[in-house]
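User: I have a new structure open and would like to go through it. Can we take it piece by piece?
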Amino acid sequence: MKARDPARGLAAYGAPHFIALTALTVVSLAQAAESSSDRGKALFDKVGCWECHGYSGQGGTGPMSGPRIARTRLPQEAFIALLRRPISMMPPYGPALLTDQQIADLYAFLQSRPQPKPAAEISLLKGDALLKGAALLKGPAP
Ligand code: HEC
């Protein structure tokens, strides 16, 4: 009788178990690593803040537009109060829709957004680019 090939044994039993265990570990690590900001991002998409404020809170365009809210200067308490009782066009989000903790997660997500570039660093907004653009619009000289 042939001795059992240890490599085959590993392929038949060890490797699949190892892969399954590794996959489980990766999944649980990923869950543990989910931050307040990650949960906030999921809520931002789910409850529809993006519809008026843009996917990154950069501010919306169109009839339902809301202002830029990424890196809002509002303190967290004021942010929560504003969602509960908005000023005019924004719908209110009561505690049945969003808990204080969920609003805190939304806040963490918005505070994690990158700072916009200063206008001076955007070459298209610099004078000469604007002048070139205007010349292009006029078309070739007659
Ligand atoms: C239907 C469009 C709409 C939706 C949906 C919406 N907003 Fe607004 N939001 C606005 C408008 C418009 C304003 C400007 C003030 C007003 O009209 O109430 C505003 C204002 C704000 C402000 C105050 C900004 C400032 O600095 O003055 C914050 C913060 C804010 N929204 C967060 C949110 C969050 C978070 C959500 C999702 C839970 C959300 N909004 C959903 C339209 C919307």
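Analyst: Asp 38 sits in helix α2. Helices here are DSSP runs of H or I with at least four residues, strands are runs of E with at least two, and both are numbered from the N terminus. This is a predicted model: local features need pLDDT of at least 70, side-chain atom pairs count only at pLDDT 80 or more, and totals for chains, interfaces and linings use all residues. Residue numbers start from 1 along each chain as its sequence is written.

User: Is Asp 38 buried, exposed or partly exposed, and why?

Analyst: Asp 38 is partly exposed, because 15 other C-beta atoms lie within 10 Å. The cut-offs are 20 or more other C-beta atoms within 10 Å for buried, 12 or fewer for exposed, and partly exposed in between, with C-beta atoms placed from the backbone.

User: How far is Asp 38 from Ser 112?

Analyst: Their C-alpha atoms are separated by 9.7 Å, and the two residues are 74 residues apart along the chain.

User: OK, what does the whole chain look like?

Analyst: The chain has six helices and zero strands. Of its 142 residues, 11% are buried. Among the contacts with a separation of 6 or more, 50% are between residues 24 or more positions apart. A contact here means two C-beta atoms, placed from the backbone, within 7 Å.

User: At what angle do α2 and α5 pack?

Analyst: Helix α2 (residues 36-47) and helix α5 (residues 100-111) pack at about 100°, and their axes are 7 Å apart. That angle makes α2 roughly perpendicular to α5. Axes are lines fitted to C-alpha atoms, for helices over the stretch in contact, and angles run from 0 to 180 degrees between N-to-C directions. Under 35 degrees counts as roughly parallel, over 145 as roughly antiparallel, 65 to 115 as roughly perpendicular, and the rest as oblique.

User: Which residues of α2 and α5 make that contact?

Analyst: From α2 they include Ser 36, Arg 39, Leu 43 and Phe 44, and from α5 they include Gln 102, Asp 105, Leu 106 and Phe 109. By class, the contact of α2 with α5 has seven nonpolar, four polar and three charged residues. Nonpolar covers Ala, Val, Leu, Ile, Met, Phe, Trp, Tyr, Cys and Pro, charged covers Asp, Glu, Lys and Arg, and the others, Gly among them, are polar.

User: And how do α4 and α5 cross?

Analyst: The axes of α4 and α5 come within 10 Å and cross at roughly 115°. On the α4 side the contact is made by Gln 76, Phe 79, Ile 80 and Leu 83, and on the α5 side by Asp 100, Ile 103, Ala 104 and Tyr 107. This contact of α4 with α5 has six nonpolar, one polar and one charged residues.

User: Switching to the ligand, which residues come nearest?

Analyst: Cys 49, Cys 52, Gly 66, Met 89 and Met 90 come nearest, out of 23 residues around the ligand. A residue is near a molecule if its C-beta atom, placed from the backbone, lies within 6 Å of that molecule.

User: Which helix gives the most to that shell?

Analyst: α3 gives the most, with four residues. The shell around the ligand divides into 17 nonpolar, five polar and one charged.

User: Last one: what is the phi of Arg 71?

Analyst: Arg 71 has a positive phi of about 50°, although Arg 71 is not a glycine. Most residues other than glycine have a negative phi. Arg 71 lies in the loop between α3 and α4. Arg 71 counts as partly exposed, because it has 13 C-beta neighbours inside 10 Å.
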